[in-house]
Amino acid sequence: MKLALVRDSEIYNRKLLGLTLRDRIKLPLERAGFTVRFFKEDTSVEHAESYLIINEPVLILERDLELNGRKLLVSDGVTFGYLFGDDFHAFFDGDLQMTIEKYLERNSVGVQQIWSVKLSDENLKLAEKLLLSSLVKVKRTGLKPAYYDGIIARTLNRIISLRISKYLADRTVTPNQITVFSFLISVIGSALFLLNSYFATLIAGIIIQLHSIIDGCDGEIARLKFLESKYGAWLDGVLDRYADFIIIFCVTLSVSQTNGLYWVLGFLAAFASFIIPYTGDKYVAVYKQTYTSGSFRIPITRDIRLFLIFLGAIFNTLAISLALIAVLGNIEGLRRIIALRSVEL
Ligand code: CDP
Ligand code: CA
């Protein structure tokens, strides 16, 4: 057993974005393989293969904590906890603080920086802000997703989706419900393209962009409330492929009324919308690591494809959007085939 001893504090009873701060320290430590015990004054210490002692009230923001060896746990230059080996038990004399000091005198310990924030009544707003920012799929947050957010996701979608997730955090809505809801929105948006009026097309474009934004909320809520599931991750990806096809199909049906040749564009755009996620997901399945597509990549990820449809709807240039998706997506697919040849891991 790996034992985590967390010094209890009043502040752990406070709620932050749908969970108590007690759960917010317990759940990541349990994910890291620890049995978590809160203690008030001093504590007895049972035998364990390693001991994690957290002395200061903190909110851990890192998701996939790896805690091994003997370490001082440090955040913003302040030590908030310790990780010790099984020999800690032999040092224990009833006084935890003294035992820690004795252990540190006799053993050399490393330092591990952990992205976390010290909890106090004054700090809760900052903690909330940092917690929300830790949900975004970018390298900085230490998340290891299948792939990182594209440029539209980072600069536009996440800013809005995080606000929606903040609102949803206190409610009972599940990630899978959001996944299905987001898909239904994409179907409604797609259907509006078929009405063939500029106004309906405009609303359709806005709804598609809204769908792209809400597509971020299922994952955010899953990460925020420790509700991630394999089925949810799978469904999220699969319904995205259905939505991609339905959107492109309806846009193609709409623009092809002026020129039948647009079916060719639509067909190629639908293929591009499939081959980009496929090459990414297949990479993750085979290489077992996050797909990062190199420095000369063409940015044509889903957030960008849907944004092109949104712009096409606003400016009434949907055929150009289809053409861009078709050409850029297929070139990027070929580029990946060539670029990956020389990367052997
Ligand atoms: O933009 P994208 O949909 O790729 O990102 P996201 O929704 O922020 O995150 C996707 C990840 O969230 C999945 O890989 C799952 O880990 C998680 N997720 C989940 O557990 N259950 C869901 N219903 C949806 C997403
Ligand atoms: Ca999603």
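This is a predicted model: local features need pLDDT of at least 70, side-chain atom pairs count only at pLDDT 80 or more; totals for chains, interfaces and linings use all residues.
**View 1. The shell around ligand 1.** Ligand 1 is surrounded by 16 residues. Lys137, Asn176, Thr179, Asp218 and Arg223 are the closest. Sorted by class, the shell holds 7 charged, 6 polar and 3 nonpolar residues. Three helices each supply at least two shell residues: H6 (175-193), H7 (198-224) and H8 (230-255). H7 gives the most, with 6 residues.

View 2. The side chain of Asp218 places an N or O atom 2.8 Å from an oxygen atom of ligand 1. For Asp236, a polar side-chain atom lies 3.0 Å from a ligand 1 oxygen. Asp215 makes its approach through the backbone: one of its polar backbone atoms is 3.1 Å from an oxygen atom of ligand 1. On its own, ligand 1 has 540 Å² of accessible area, and the protein covers 80% of that.

**View 3. The calcium ion, ligand 2.** Asp215, Asp218 and Asp236 coordinate the calcium ion. Asp215 is listed with O and OD. Along the chain, the donors follow the spacing D-x2-D-x17-D. Asp215 and Asp218 are 3 residues apart in helix H7, so about one helical turn separates them.

**View 4. The second largest pocket.** This pocket has a volume of about 260 Å³. Its lining counts 13 residues. Nearest the pocket centre are Lys129, Leu132, Ser133, Ile159 and Leu162. Helix H4 (124-133) and helix H5 (151-168) are the elements that give two or more residues to the lining. By class, the lining has 7 charged, 5 nonpolar and 1 polar residues.

**View 5. The largest cavity.** The model contains 2 cavities of 30 Å³ or more. The largest cavity holds about 100 Å³ of space. Its lining includes Arg24 and Pro28, then the run Leu59, Ile60, Leu61, Glu62 and Arg63. Leu131 and Ser134 also line the cavity, together with Arg223, Leu224 and Phe226. Helix H1 (21-31), strand S6 (58-60) and H7 are the elements giving two or more residues to this lining. The class count is 7 nonpolar, 4 charged and 1 polar.

Technical notes
Residues are numbered from 1 along each chain as its sequence is written. Chains are lettered from A and ligands numbered from 1 in the order in which they are written. Side-chain values use heavy atoms; hydrogens and water are left out. A residue is near a molecule or strand if one of its heavy atoms lies within 4 Å of it. A polar contact is a pair of N or O atoms within 3.5 Å; within protein, one must be able to donate a hydrogen and the other to accept it, and residues adjacent in sequence count only if both atoms are side-chain atoms. Accessible areas come from the Shrake-Rupley method with a 1.4 Å probe; for residues, only the protein chains shown count as cover. Helices (H or I, at least four residues) and strands (E, at least two) are DSSP runs, numbered from the N terminus. Ala, Val, Leu, Ile, Met, Phe, Trp, Tyr, Cys and Pro count as nonpolar, Asp, Glu, Lys and Arg as charged, and the others, Gly among them, as polar. On a 1 Å grid over the protein atoms alone, a cavity is a set of points where a 1.4 Å probe fits but cannot get out, and a pocket is an open set with protein on both sides within 12 Å along at least five of seven lines; lining residues have an atom within 4 Å of a point. Grid points are joined across faces, edges and corners, and a volume is the space filled by probe spheres set on the points. Donors are N, O and S atoms within 2.8 Å of the metal (3.2 Å for Na, K and Ca); water is not among the atoms, so sites may look incomplete.
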